[in-house]
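Thanks for coming, everyone. I will walk through it in a few minutes.

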Amino acid sequence: MKASTQPLRAVLRRPSPRSTSILPTAATSTSHLQESGRVPVRQSQLQHQETAFFSVLNRPAPSYPGHVPLTKVERFALALGSGIGSLINPYRADLIATCGETTATPYFIYRLRRAMLSDPTGRRILRDRPRITSQSLDLPYLRTLPPTTVGGNYVAWLDREGVSPDTRADVRYIDDEECAYVMQRYRESHDFYHALTGLPIVREGEVALKAFEFANTLLPMTGFACLAVGTMKPSERKRFWEVYGPWALRNGMRSQEVINIYWEEEMETDCEALRKRLGIERPPDLRETRKKEKEDRKRRKEAGKAMGDVANAA
């Protein structure tokens, strides 16, 4: 994916100590060596730690700062508990993150990594290992961009929803350090997916976006999150099955792998041009749809109350 041809002001600052210490730097990555053919890609080597047997008494050393190696029993228990907990309370970001990490191995995160290695932009991302934080992005500059650009749309979405790029937890439970970065990149790019599609961070919008992510990334957590459709109101469920669910599956399957978008280089790109390049159609404005539905309920309620008053007066 090419960067914008327009003169691009540097929106990246020097990485902060926090952003470079969480995961190993590009110098330790094998992607740039594999790209040149000097290091063979061997799935069995990458998954050695996942398949090795150990107990809590002889736990292996961490593969990167913050890494917590898990036994198979621990991984299963964490996946089950966090999955159930995130369904009960979909706003528990820590449970969603844990569920995503513990269910991504041994296959799905490697599939996503291979998708990045097979794409020139994806390989550059793995080599550079950028982080998306308030320190790495020049948010004041992004606020000066037109709202139709990726950067302007993204920062406007952050301000409207009251969220920050710094809310994404660091990966802990994925053993391979490069796959851990892939999960971190997916996690930190999530708000860009919101901005690109226009879906708000209400339960209905999150479920629709998770359905899109599942069709595009195949990460189990994103598919599991779609079960939350059962907790929505009847009108919201009807809208999901008729409008947003079909949109999510259709666009997620046919579009390019969104993990390969180098967001830092697309800040001045027009959003519609980027959607067209990726093969993504924008869904109906969910926020406006919910607003109109609320107004219709209010009018019906007021009309019913007025009719009741007339009947009582008669």
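Let's start inside. The largest nonpolar core holds 60 residues, and those with the most contacts inside it are Ile109, Leu142, Tyr154, Ile174, Met183 and Trp263. H11 brings the largest share of this core, 10 residues. A nonpolar core here is a set of buried Ala, Val, Leu, Ile, Met, Phe, Trp, Tyr and Cys residues joined through side-chain atoms within 4.5 Å. Buried means under 20% relative accessible area, exposed means over 50%, and partly exposed is in between, with a 1.4 Å probe and protein chains only. Helices are DSSP runs of H or I with at least four residues, numbered from the N terminus.

A word on the source. This is a predicted model, where local features need pLDDT of at least 70 and side-chain atom pairs count only at pLDDT 80 or more, while totals for chains, interfaces and linings use all residues. Residues are numbered from 1 along each chain as its sequence is written, and side-chain values use heavy atoms, leaving out hydrogens and water.

Next, the spaces. On a 1 Å grid over the protein atoms alone, a cavity is a set of points where a 1.4 Å probe fits but cannot get out; a pocket is an open set with protein on both sides within 12 Å along at least five of seven lines; lining residues have an atom within 4 Å of a point. Points join across faces, edges and corners, and a volume is the space filled by probe spheres set on them.

How many cavities of 30 Å³ or more does the search find? The answer is 1. Val150, Tyr154, Phe192, Ala195, Leu196, Trp263 and Cys271 line the largest cavity. Helix H10 (150-161) and helix H11 (177-197) are the elements that give two or more residues to that lining. H11 gives the most, with 3 residues. By class, the lining has 7 nonpolar, no polar and no charged residues. Nonpolar means Ala, Val, Leu, Ile, Met, Phe, Trp, Tyr, Cys and Pro; charged means Asp, Glu, Lys and Arg; the others, Gly among them, are polar.

Now the largest pocket. Its space is about 740 Å³. The lining has 33 residues, and Pro90, Ile96, Arg168, Glu206 and Lys210 lie nearest the centre. They split into 18 nonpolar, 6 polar and 9 charged.

Helix H7 (residues 108-117) has 8 of its 10 residues buried, so it is largely enclosed by the rest of the structure. Ile109, one of the core residues with the most contacts, is among the buried residues of H7.

H14 has a kink of about 50°, centred on Phe240. The bend at a residue is the angle between axes fitted to the seven residues ending there and the seven starting there. Phe240 is also one of the buried residues of H14.

Last, the backbone. Most residues other than glycine have a negative phi, and most peptide bonds are trans. Which form does the bond from Thr105 to Pro106 take, cis or trans? That bond is cis, with omega near 10°. Pro106 sits in the loop between H6 and H7.

Arg129 has a positive phi of about 50°, though it is not a glycine. Arg129 is buried, at 8% relative accessible area. Leu218 also has a positive phi, about 65°. Leu218 is partly exposed, at 36%, in the loop between H12 and H13.
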